[in-house]
Amino acid sequence: MAFEPPQRLVRALGESAPDGDYWVERLPETAEQAVALRELTVERVQVPGGRSSLVVLVRRADGTPAVLKLAPPRARPESERAALAHWDGRGAVHLLEPFAAEGVLLLERLHPDVSVRSLPEAKALLEAAGALRRLWVEPPGDHVFETVAERTGRQASVMRGASAEVAGLVSAALEARESLLAAPPEQRLLHGTFRQSKVLSGVRSPWLAVGPDPVVGECAFDLARLVRDRVEDLIASPSGAATTRRRIKRLAESLDVDQERLRGWTLFRAVESGVRALRVGRPKDAELLLEFAGWL
């Protein structure tokens, strides 16, 4: 079959990936080779799919359903492979092929169109938080995962070049980061990009996490992205700011995370995402994220 990259993926890579064009150009050939090597039968390409990888629903030679995922180097697929191998199916999708194949992952098939985002908001947050808790384990002793300090350090360097109109929020976010990194309470293996859409319905477990961009650091950093889930609904609500404060309190208490540290990382991550959205030409997304950040 023709492995046509979904437009969502093409647009996302075009925004920020220097290797995106070359990788996308080679993607049909790469996918064909990966399928042939593993003797897979292709069912369909997942559409609209994600922003950093091609996801193909396949069946293995014995008829077992699986997922073939192909990702460019910038998406750090080998880091994802290492994290999934370490979790070994506990709270996350199971890695079916432990050996390294550059940029190619063969994964357990979940229900790709059913995430916790399909649940009512309160239930979705509860289930997502429960899934996240299972991922917070000690990292391998010889790990090579990026740390929260390293990742946010790169992000902070870019944020300092933001326009004057967001200078106040950027300054507050950078100050929060410095304070939070002064005394991190723990070092755990984190999902790195956790949100409701990253938790899919499974067969062996009701909900399992997918698509990590793993990082090592404190749990509050991981939880911070979940705080702003469905940000468009929060902004549209007259009680959005109050709802956000309650959400921070509820999530912090349910996962035994310091509330102020969660607020601080939520601020940093929202501002970083907002500044990035401005930089790549997504002003509507930026407006939502920066208004949300202003509540914190």
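Analyst: Arg 230 lies in the loop between H7 and helix H8 (231-236), where helices (H or I, at least four residues) and strands (E, at least two) are DSSP runs, numbered from the N terminus. This is a predicted model, in which local features need pLDDT of at least 70 and side-chain atom pairs count only at pLDDT 80 or more, while totals for chains, interfaces and linings use all residues. Residues are numbered from 1 along each chain as its sequence is written, and side-chain values use heavy atoms, with hydrogens and water left out.

User: Why is Arg 230 called buried?

Analyst: Arg 230 has a relative accessible area of 13%, and buried means under 20%, exposed over 50%, and partly exposed in between (1.4 Å probe, protein chains only), so Arg 230 counts as buried.

User: What is Arg 230 in contact with, leaving aside its neighbours within four places in sequence?

Analyst: Its partners are Val 116, Arg 117, Leu 119, Pro 120, Glu 121, Ala 124 and Gln 196, where contact means heavy atoms within 4.5 Å.

User: Why is Glu 218 called buried, and where is its place?

Analyst: Glu 218 sits in the loop between strand E9 (215-217) and helix H7 (219-227). Its relative accessible area is 4%, which is under the 20% limit, so Glu 218 is buried.

User: What makes the pair of Glu 218 and Arg 261 a polar contact?

Analyst: The two side chains come to 2.6 Å, and a polar contact is a pair of N or O atoms within 3.5 Å; within protein, one must be able to donate a hydrogen and the other to accept it, and residues adjacent in sequence count only if both atoms are side-chain atoms. Beyond four places in sequence, the residues in contact with Glu 218 include Val 148, Leu 180 and Trp 265.

User: How do you know that H7 is mostly covered?

Analyst: Nine of the nine residues of H7 are buried, among them Cys 219, Phe 221 and Asp 222.

User: How do H7 and H9 pack, and which residues make the contact?

Analyst: H7 and helix H9 (residues 240-254) pack at an angle of about 145°, with their axes 10 Å apart; axes are lines fitted to C-alpha atoms, for helices over the stretch in contact, and angles run from 0 to 180 degrees between N-to-C directions. The contact is made by Leu 223, Leu 226 and Val 227 of H7 together with Thr 244, Arg 247, Ile 248, Leu 251 and Ala 252 of H9.

User: What makes E5 and E8 edge strands?

Analyst: They belong to an open sheet of three strands in the order E5-E7-E8, with antiparallel pairing. Strand E5 (111-115) and strand E8 (207-209) each have a single partner strand, so one side of each is left without a neighbour in the sheet. From one strand to the next, the twist averages 55°.

User: How many bridges join E3 and E4?

Analyst: Strand E3 (residues 65-70) and E4 pair over five bridges, in the antiparallel sense, and the bridge partner of Lys 69 in E4 is Leu 105.

Terms used: Pairing = 2+ DSSP bridges.
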